[in-house]
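Student: Please pick one part of this model and go through it closely, keeping to what the coordinates give. I would like the charged side chains treated first, and the surroundings after that.

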Amino acid sequence: MKLSKNRVSSEELSDLMRSSQEGDSTSYKKLLEEICIILRGILSAKIFDPEDREDVLQEILIAVHLSKHTFLPGKSFLPWLSSIAKYKIIDYIRKKGRKNKREIIQSNEYLPEIQYFPSQDDSKEYLEEILTKLSEKQRLIFRLLKLEKMSIAETAKIMSMSQSAVKTAAHRIYKIIRIRSGDKL
């Protein structure tokens, strides 16, 4: 992130920050005014919504205020400000991306449910043929979980296995079935 075309120089900004760290409220006010001018230019190129832009600007100003004590007086101010601004902009982009994903997922609620129409391959004989390729223990686990709709806990109790062992076995069974059936199930 390049911070340039400032009304005040980088050295003047560093001086204003040093003064504000020492408690000079006038310097701090001037520093915040200059930061706003610098950041508005940067944010206008990266964030198109004016309300979001102002929100991010406020987030950056809060971060500057809370991190003011971390500024090293011997260092340049602009790289310090740039790193704070960069991370706040990244946070905004991530938040915006999550919000958009959430909106997409929620909008799927209004789509009609997918109808399932069984084909010849889904017949009982086809399923029995695939199940014959499993061991007796695997067949029993599959029957309990999928055909009799028992829970993992119930299946574990019947099989005298731990729940995690039943889950592991079930996933292996599903993988075997997918491979042997050619992904027809």
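**A charged pair and its setting**

Tutor: Lysine 30 is partly exposed, with 32% relative accessible area (buried is under 20%, exposed over 50% and partly exposed in between, with a 1.4 Å probe and protein chains only). This is a predicted model, in which local features need pLDDT of at least 70 and side-chain atom pairs pLDDT 80 or more, while totals for chains, interfaces and linings use all residues. Residues are numbered from 1 along each chain as written, and side-chain values use heavy atoms, without hydrogens or water.

The partner of lysine 30 is glutamate 34, and their closest N and O atoms lie 3.1 Å apart in a salt bridge (a Lys or Arg side-chain nitrogen within 4 Å of an Asp or Glu carboxyl oxygen). Both residues belong to helix 2, and because they are four residues apart there, about one helical turn separates them. Helices here are DSSP runs of H or I with at least four residues, and strands are E runs of at least two.

In total, the structure holds five salt bridges. One of them joins aspartate 15 to arginine 18, with an N to O distance of 2.4 Å. This pair sits in helix 1 (residues 10-21), three residues apart, so the spacing is about one helical turn. Aspartate 15 is partly exposed, its relative accessible area being 38%, and arginine 18 is also partly exposed, at 24%.

A further bridge links aspartate 52 and lysine 96, where the closest N and O atoms are 3.2 Å apart. Aspartate 52 is in helix 3 and lysine 96 is in helix 4 (residues 77-107), so this pair ties together parts that are 44 residues apart in sequence. Aspartate 52 is buried, with a relative accessible area of 14%, while lysine 96 is partly exposed at 30%.

Helix 3 also takes part in a surface feature. A patch of negative charge is formed by Asp49, Glu51, Asp55, Glu59 and Asp91 (patch residues have over 30% relative accessible area and no salt bridge, like charges being joined within 9 Å and nonpolar side chains within 5 Å). Helix 3 (residues 50-67) contributes three residues to this patch, the most of any element. Aspartate 49 comes from the loop between helix 2 (25-46) and helix 3, and with 32% relative accessibility it counts as partly exposed.

Lysine 149 follows helix 6 and has a positive phi, near 55°.

For the setting as a whole, the chain has eight helices and zero strands, and its elements read α-α-α-α-α-α-α-α from the N terminus. Of the 185 residues in the chain, 30% are buried. The accessible surface of the chain is about 13,000 Å², and carbon and sulfur atoms account for 54% of it; the areas come from the Shrake-Rupley method with a 1.4 Å probe.

Note on methods: Lys and Arg count as positive and Asp and Glu as negative; His and the chain ends are not counted. The place of a charge is taken as NZ of Lys, CZ of Arg, CG of Asp or CD of Glu.
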